[in-house]
Amino acid sequence: MGRRRRLLCDTLEAKRRRLEPPPPPPEEPRPDGSPGSVEAALRDVAALFPRGLFGDALPPLVLRHQLYSLVSDRTAVDRHLNHLRDEGRIRLLHLGLGADTLGVVFMEPYKEKVLAAVAGTPQAGLVQRFLDSAVAACPELSYEQSRMRALGFEDRDVTQLVAAGVLTVRDAGSWWLAVPGVGRFVRAFVRGRQALLGAVRRSRHREVLLWELRQRRAPPGARLGVGYLLHDLLGAQLLRSVPTTSGPMLRLAEP
C-alpha cells in the first residue's frame, strides 16, 4: 500500500513539473557600454512606462539608474546620456527623488506632452517660446534668474511658467525644468518601490526567483508595473540579482 502511494505521488509530481512553465533565460546587465547598448536600454525601459496610467498625459519617464540594471558600465551610461542631451535628443530632469536620481525623457515626446498640457491656456504661447529658446539652447537641469533674463524671460514670465508646471522652484532665483503633472508619477513611483520591496522582504529568506516574482499578481501599489519597478530596484542596488540554476534570484541588498 505504501509503495503504491509513493508511486502515485511520484507520478503527480512529474505531471506537475511538466505543466510548470520553464524559467525564462537569466537577465543579466549588458556588459557592453557602447552607445548602442545604452540607447537600447533606454528604449527598453521607456517601453515599460505605463502611459495609460496617467491618461497618456506624461512622456515616457526613465530614471537614469534604471539603465544601470541593463548596462553594467555606469560611467558609459552617464557619458552617453550627456552626449544625447547635448545633441538635443533627450532631457535630464530633477524629479525631487534625491540629488542623484535623475529622470530621462526623449525630447520630442517631452515637448509634445508639455504643449498638450497647456493647450488652450493663457500660458500656451509663453510655453512654446520657452521650449523653442530656453529648452532648445540650454541643456542644464536648472535655470538661474540671470540666464532666464538673458533669454528674454522676465520675472512675470517665470511665474507663469511655474504656474504651468514647466518650471519648479529650486531655490531663490533658480528653477528646475519640469514636466506638468509629474507629481502623479513621483507618488506612484514611491508607492510602487515600497510595495515591491515589501513583497521580496516577505518572501522566504527575503529572496525570490525572478520568474516567480513575475508570475505573481503585482502587489497593491505597484501600479507602474513589476518590470518597470524591478529596473529601479536593481539599478539603485536595493535588490541584488544572483545567478542560480533556476534563473536569477532576487535578494534584498540590505543586511
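Guide: Start with burial. Buried means under 20% relative accessible area, exposed over 50%, and partly exposed in between (1.4 Å probe, protein chains only). His65 is buried, at 9%. This is a predicted model: local features need pLDDT of at least 70, side-chain atom pairs count only at pLDDT 80 or more, and totals for chains, interfaces and linings use all residues. Residues are numbered from 1 along each chain as its sequence is written, and side-chain values use heavy atoms, with hydrogens and water left out.

Visitor: Where is His65 found?

Guide: Helices are DSSP runs (H or I, at least four residues), as are strands (E, at least two), numbered from the N terminus. His65 sits in helix α3, residues 64–68.

Visitor: Which residues is His65 in contact with?

Guide: Contact means heavy atoms within 4.5 Å. Neighbours within four places in sequence are set aside; His65 then contacts Thr101, Arg193, His231, Asp232, Gly235 and Ala236.

Visitor: Is Lys113 buried or exposed?

Guide: Lys113 is buried, with a relative accessible area of 8%. Helix α5 (residues 107–118) holds Lys113. Not counting residues up to four places away in sequence, Lys113 touches Arg51, Asp56, Ala57, Leu58 and Pro59.

Visitor: Now the backbone. Which phi does Arg206 have?

Guide: A positive one, about 55°, although Arg206 is not a glycine. Arg206 lies in the loop between α9 (182–201) and β7 (207–209). Its relative accessibility is 33%, so Arg206 counts as partly exposed.

Visitor: What about the phi of Gln237?

Guide: Gln237 is not a glycine, yet its phi is positive, about 60°. The loop between α11 (226–235) and β8 (239–242) contains Gln237. At 54% relative accessibility, Gln237 is exposed.
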